[in-house]
Amino acid sequence: MCLIVFAWRAHPGYRLLVAANRDEYFARASAPADFWDDRPGVLAGRDLEAGGTWLGITPQGRFAALTNYRHPADRRPLAPSRGALVGEFLAGTVGPKHYMAEVEKHAADYNGFSLLVGDSTSLHFFSNRGGPSMRVDPGVHGLSNHLLDTPWPKIAKSKAWLAGQIARGFDTEAAFGVLDDTARAPGEELPSTGVSLELEERLSAIRIPALAGYGTRCSTVLSFGEDGRIEFHERSFREDGSAGPTVSYRLTLARGKAAASSRRGQSRLPKTPLPAR
């Protein structure tokens, strides 16, 4: 992902709310969100080149997402895929804190990344371009191609929107509307991340229209309700900027012996808006 705005323990009806955009080359083969055949219970899109993912969940309440840390000068072409860090957490049983401790041991092997992993009790953040892993405090947070809550214009804008949604009642289609914002930030408000100012301006949009084969490939809106209900919606974009299909899933949080029957009951549903609470 290249933009993740989320509310953790900040809404009385939801444990976690997420609105996110994945920016990537359109030529890179990937599959839309679905349950993985080789990792039962993992619901995520998939990078078909390296086998990992950028964002996913499980019916047991596990959540993980990753953004690349933008610093072109230190990119190593032969480094292992960062998307594996998301998939391994989702498919495992280790808690977020202990998983991050293991990731830290080998973090230098990877190109720059920022990683979020969580379950029903805690949410943790770690970047191999920042300090030690940390427990995320309740509140509204944002992540792009830097560290958690770095005040880039797109982060400030999307966080302000989500904070307002929490006050009014969260709505899926409203979230997709914000994720579709292609307005660019003024050059004087932008960071310097090692690319040209022209490129910084293009990358400052919440949704990046395709140029030279790169742009926003999909948007994801996700909610974990305190009542155990999980909603997952992913809308894809074509290279010409038009919206593609939206896939939606409705799950019930699996606990204890109920997990198996809940998995059997998972289904792929047509697009349905998530009502405000």
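In which strand is Gly 244 found? The views below are taken from a predicted model, and the residue in question is shown in the first of them.

**View 1. Gly 244 in strand S13.** The answer to the opening question is strand S13, where Gly 244 is found. With a relative accessible area of 16%, Gly 244 falls under the 20% cut-off and is therefore buried. Leaving aside neighbours within four places in sequence, the contacts of Gly 244 are Arg 235, Ser 236, Phe 237 and Arg 238. Val 195 is 49 residues from Gly 244 along the chain, and the C-alpha atoms of these two residues are separated by 30 Å.

**View 2. The aromatic pair of Phe 35 and Tyr 249.** The structure holds eight aromatic pairs. In the pair drawn here, Phe 35 and Tyr 249 are edge-to-face, at 5.7 Å centre to centre and with 90° between the planes. This pair links distant parts of the chain: Phe 35 belongs to strand S3 (residues 30-35) and Tyr 249 to strand S13 (residues 243-252), 214 residues apart. Tyr 249 has a relative accessible area of 2% and is buried.

**View 3. The aromatic pair of Tyr 110 and Phe 113.** The ring centres of Tyr 110 and Phe 113 are 5.9 Å apart and the planes stand at 85°, so this pair is edge-to-face. Tyr 110 and Phe 113 are both buried.

**View 4. A cluster of aromatic rings.** Tyr 14, Trp 161 and Phe 170 are linked into a cluster by ring pairs.

**View 5. The largest pocket.** The volume of the largest pocket is about 1000 Å³. Two or more lining residues come from each of strand S2 (14-25), strand S6 (63-68) and helix H5 (197-203). Strand S2 gives the most, with four residues. In total the largest pocket is lined by 38 residues, and those nearest its centre are Glu 24, Asn 68, Arg 75, Arg 82 and Tyr 214. By class, this lining has 17 nonpolar, 10 polar and 11 charged residues.

**View 6. The largest cavity.** Two cavities of 30 Å³ or more are present in the structure. The largest cavity has a volume of about 70 Å³. Its lining consists of Arg 70, Trp 152, Pro 153, Lys 154, Leu 190, Pro 191, Glu 200, Leu 203 and Ser 204. Helix H3 (153-168) and helix H5 are the elements that give two or more residues to this lining. By class, the lining of the largest cavity has five nonpolar residues, one polar residue and three charged residues.

**View 7. Residues 257-277 and the confidence of the model.** The mean pLDDT of the protein is 91, and 92% of its residues reach 70 or more. Over residues 257-277, the pLDDT is below 50. Beyond near neighbours in sequence, this stretch has 47 contacts in the model.

Key. Residues are numbered from 1 along each chain as its sequence is written. This is a predicted model: local features need pLDDT of at least 70, side-chain atom pairs count only at pLDDT 80 or more; totals for chains, interfaces and linings use all residues. Side-chain values use heavy atoms; hydrogens and water are left out. On a 1 Å grid over the protein atoms alone, a cavity is a set of points where a 1.4 Å probe fits but cannot get out, and a pocket is an open set with protein on both sides within 12 Å along at least five of seven lines; lining residues have an atom within 4 Å of a point. Grid points are joined across faces, edges and corners, and a volume is the space filled by probe spheres set on the points. Ala, Val, Leu, Ile, Met, Phe, Trp, Tyr, Cys and Pro count as nonpolar, Asp, Glu, Lys and Arg as charged, and the others, Gly among them, as polar. pLDDT is the predictor's confidence in each residue, from 0 to 100. Contact means heavy atoms within 4.5 Å. Rings of Phe, Tyr and Trp (its six-membered ring) pair if their centres lie within 6.5 Å; planes under 30 degrees apart count as stacked, over 60 as edge-to-face and the rest as tilted. Buried means under 20% relative accessible area, exposed over 50%, partly exposed in between (1.4 Å probe, protein chains only).
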